[in-house]
Amino acid sequence: MADSTAFVEDAPINATFSKDAAPPHEYFEPRIQQGISTVQLDATASTPPLPPSKPIFTPAPPPIAPASTHTFEASLSSSSGEPSHALRHKTSQTWHHSGQTQQAASPRLASVPSPGGRARQNSSPIYPISLNLIPGSSMASAVSESKATSLVRRVSQKAANKFRRRTSSTNNDHDERTGPVLMRHRSGSQSGDQARLGIQHHDDDDDDECAIDDQLDGGQDEGYSTSSSIRGRSFGASNQARSNPSDGIAVPEELQKGTALTRVTRKKKTMRVFKLDVGSAKVSWDPTKQSSRFYIDDMKDVRTGANARNYREELLVSSDQEDRWITIIYMDHEQNGKLKLLHVIAPTAEMFKLWTSTLEAINRYRTEMMAGLAMQGEKFVDAHWRNYMANLQTAAAAAKVDRAERLSFADVERLCRGIHVNCSREFLRKKFRKADKDNSGYLNFQEFEKFVQLIKEREEIETIWKGITKSPEAGMVRDEFRAFLRDVQKVDVEADSAQVDKVFKKFCRQSSKMGNVAGSSLPTDPSEMRMNREAFTSFLLSSSHNPPLLTSTANQNLNRPINEYYCSSSHNTYLVGRQVAGESSVEGYIRVLQRGCRCVEIDLWDGDNGRPIVTHGHTRTTHCYFSDVVTAIRKYAFIASPYPVILSLEVHCSLEQQITVAEILVDILGDKLVVEPFMTNSMVLPSPQELKHRILVKVKGGARQEPAVKYAKILWRNYMAKLQASSTAKGDCLSFTDVDSLCRDANIDCPTKILEETFRSGFLRTNTSSSTSSNTSETDEQSAPGEDRKAKKPTTKIAPELGVLGVYFRGQKFRNFALPESKTYNHVFSFQEKTFLKFCKDPEKKAQLEKHNNRYLMRVYPSGFRVNSSNFDPLGFWRRGVQMVALNWQTYDLGVQLNEAMFASADDKSGYVLKPKALRGPRSTFDDTTAAKQKKDKKQVTFSIEVISAQQLSRPVGHKADDSIDPFVEVEVFSADDKVKGASSGEGGIDVAASKGVSGLGAPQKRRTKTVRDDGFHPLFKEKMTFSLVTKFEDLVFVRFSVYNAEGGDDKTLIATYTAKLISLQQGYRHLPLYNIQGEQYLFSRLFVKIDVEPATLIDRDFAPHVSTIDSIKSTAKSVLAFAAERRSITRMRNDKDKKQELQSGVLPGRAPQLPQEDNRPNFSAEHRRSF
């Protein structure tokens, strides 16, 4: 049913209706009582139909469409004539057709026949509902010729045109789109077990369209509770787990008319009428506000029940409503992709299921429809044909004109724009004419199939096909397929020969189904099987069988100490926006954990009612409860990886709430939390393998008090109370006489000399219990904007109950690398980025820092001045051996792109990457000189990248549908070496590096392709670029591909990007996925490249300078003589000092001093002596 929002905002439309005109819900009420089964609607609808008017139409017949509108088909009842009871007699609307009540006065239409002779089962009678057509289409022309033109039609069309002009280009893009353009990532989705080859194991042998099924995830986890309800209900014609696009999704009309739901915000609870506009896949709840709506295509998650409990408790809603609570997380493109939350409470359990099931089903259906063009086969061609033809036929029925099943060029152009075929009109017209065999100016179904095949043709793949097959017409045999994998794709086919044969058979079966290979059945002998070109194209497109990154190795085992790995880390994880005025949310932890982050940060502050909160202190950011954060971490910690998660605590709360923090960690995490060492006497950190499915806490240690220290404090308090009572106390200090008296009263036997030395050491003061640097919380080393940089921040004591949880990650304030505290095996130093870079400017400190990181842990985090949540380049910290380089994940800039590339390949998705050998050092003693002076060899790395083509690029933000797209590709190479002139070189393409001849950190080698004019659907570049660089860190070479739209001159707009680690990229022909500026993967956009990497060669080994034997002896002798002279000088100075002291004390030289008489009291106990 139409969304009434348009009619509330447009006064001219309402002005045309009579006073007693029935509102939409009154019009459909009699039909609900009659038990009408379904009303079917098209996914490509852009604007809602007009409401019926009683003076013009009676309730019985369907409304007549305006002159420039076009109508849907409606399914009213089953073929048996009985009403459908799937939704308790509630009218529903199927996603690709539309309809109304069956009446004798209405012209009855036959159901749309299935193309190709395939009969449609259980077809329902069809009746029209109006839908606006784009002016200039063939159907609009046919309707305009109809004699049934009236005043109300002309006025309605004028108002509709006015409404379209008022709509923004962004909204038009959403309304005209037939589905989402971004991939919706679901946690726990797996596409199959992976082998050691460049081919991924996939058990679904019958899945022909593997390219898209690899992306449409089917797995669910406990974080998504609504999926089971979707698959358990019957919506429309399909009851299967995966919807059949040709059947569509039935949409209950009750949701289209609007249902009352309670919307919950931080300020209030409000009853709103939520309406589902099936034409544009939009849900709205306040017609007066443009922001009060979201598109189903932009949904990221639907959380219900216990999975949304943290939001319900945060908004102070009773637990009685938990089973009807819905939290919808969606992206708002008008605010640069900002994530938003919508919290609603359904009035009944039935309404709860109706909304959640319908939203999920529509989202999946539209995703499959949108991605269908990237697939081989006719399944989705058939679905789009059915949808569009149903719309055209119902429009013709409403206008009482005949309409043949054919498409004009205007129809084809509109359909292509809806599925993001962003190419020139000339390109479409050329393919249209080629498919139009009879030159009629129209396409029937067979010609439309041919048209789709023509626009999907990949001439670059045809060239590859002809080069690797002896007989391209007959197909590819098994030996040719294995040779292609071995010689071009650089796959070790002998490592898993059976899997290679399995993949070959799979695509041979696909060839047989396509009917392009001679023979109706597939041969049983693999040597006789043949793969055709279409199936080979499917293989190249498949992210399962031809992935761009290396797959996992067999029996992966991360069995080295955890300090020898890079760890994927996040900074201020709770923030989902800016640092100063952003929002703190549990959603930040869920998103980063789903993306593979293994170290998250939690800033703890005192909350109301004794509940610790997580927020960015002294800013205008909101807060969330610590208990909700820990609950979310427990649920999502091991979805992306089974390896350990580290909770980096920054404690600012009181001792009482710190104890609460410790209790929350123990109670919620249970046995997943590491509370004691695995081995008591081990001085080596455990490995990620040993810590699988465990959660560790990084926190500074609490004050450890021995029994004797506690006893001394008790004595102190008692004695001070005694002095206060006698009015003899002098401040908060004790004289030596007081201390001696205290010891006598407590029967502590201690020699006077020892007691005096202890007193002089300054231990016995009232501040003995004050915290030291080892038991204070970690705070930023830089001042926040506006603060006094010289003012020292107050430190926070760490409660022993919390500090004891820092078992393997004990935070330590840095003082000096030479101190004993810097050599405890489980300590962690944390540096702000500027402090770290300042250290690196001093060669001696830089050497000490690298030496430390060879064996011990370190964390680096962004400066507090990055208020916009920007990031630094992590390469400069990885090359110094820093394990935990924490970044602001909410900003998808270069830093986060490199970090994702570091942990992107199958092995690296664990969240832990083994550091280069030169940055690990030996496992022997820390002071080993060979570890400190270990040199890093320089290597020559050479590789080539041929940028061949791109597929189905999305329109840049703000571009209209008819704006041309002029893409070009920029390739950047990043290394972790210092800036040096001549360290890298490149050939091919256009050099666009910022600093000519200089490369290294902050200066990547950069080249680009030519610009392809007016083709965003399939631009061909065919440009090869060769890069060569000298580096000490071949494991830290990254390549970034950026697709831009040329805006004229030097202006450009980023369309998509992809970053990969060079050693993770597979060689040969690969389709690279593309991501938008928010880091969301496009559903169908890809970049087709060919990659060749030569083995790295050692060009310069840094040996110690060679000296002769005589020179070595001379040098050693000089060192010994200098050392002896220095020792003699020190001894002489000490003797002179002793003589001077003896003269001052009145003791003659050479005479022994008189020793004081020993006290006759019993000796001081050993325990108390240790305490003092």
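Reply: What follows looks closely at helix α22 and then turns to a few other places in the chain.

The model is predicted, so local features are described only where pLDDT is at least 70 and side-chain atom pairs count only at pLDDT 80 or more, while totals for chains, interfaces and linings use all residues. Residues are numbered from 1 along each chain as its sequence is written, and side-chain values use heavy atoms, with hydrogens and water left out.

Helix α22 covers residues 655-669, which is 15 residues; helices here are DSSP runs of H or I with at least four residues, strands are runs of E with at least two, and both are numbered from the N terminus. From its first C-alpha to its last, α22 reaches 21 Å, close to the 21 Å expected at 1.5 Å a residue, where the expected span is 1.5 Å times one less than the number of residues.

Within α22, the residues Gln 657, Gln 658, Val 661, Ala 662, Ile 664, Leu 665 and Leu 669 are buried. They lie on the same side of α22, because the arc they cover around the axis is only 160°, the arc being that of the directions from the helix axis to the C-beta atoms. On the other side of α22, Glu 656 and Asp 667 are exposed. Here buried means under 20% relative accessible area, exposed means over 50%, and partly exposed lies in between, with a 1.4 Å probe and protein chains only.

The cover over the buried residues of α22 includes the strands β15 (599-605), β18 (645-651) and β19 (695-700), together with the helices α21 (626-636) and α26 (800-803). After α22 comes Gly 670, which has a positive phi, near 60°.

Axes are lines fitted to C-alpha atoms, for helices over the stretch in contact, and the angles run from 0 to 180 degrees between N-to-C directions. Angles under 35 degrees count as roughly parallel, over 145 as roughly antiparallel, 65 to 115 as roughly perpendicular, and the rest as oblique. Phe 626, Ser 627, Val 630, Thr 631 and Arg 634 of α21 meet Val 661, Ile 664, Leu 665, Ile 668 and Leu 669 of α22, where contact means heavy atoms within 4.5 Å.

Another helix pair is α14 (residues 425-435) and α15 (residues 445-455), which pack at an angle of about 135° with their axes 9 Å apart. These two helices are therefore oblique to each other. On the α14 side the contact involves Phe 427, Leu 428, Lys 431, Phe 432, Lys 434 and Ala 435, and on the α15 side Glu 447, Lys 450, Phe 451, Leu 454 and Ile 455.

Backbone angles deserve a look as well. Most residues other than glycine have a negative phi. Ser 869, in the loop between β22 (857-861) and α29 (875-878), has a positive phi near 65°, and Ser 869 counts as buried because its relative accessibility is 1%. Gln 952, in the loop between β25 (938-951) and β26 (967-974), has a positive phi near 50°, and its 4% relative accessibility is why Gln 952 counts as buried.
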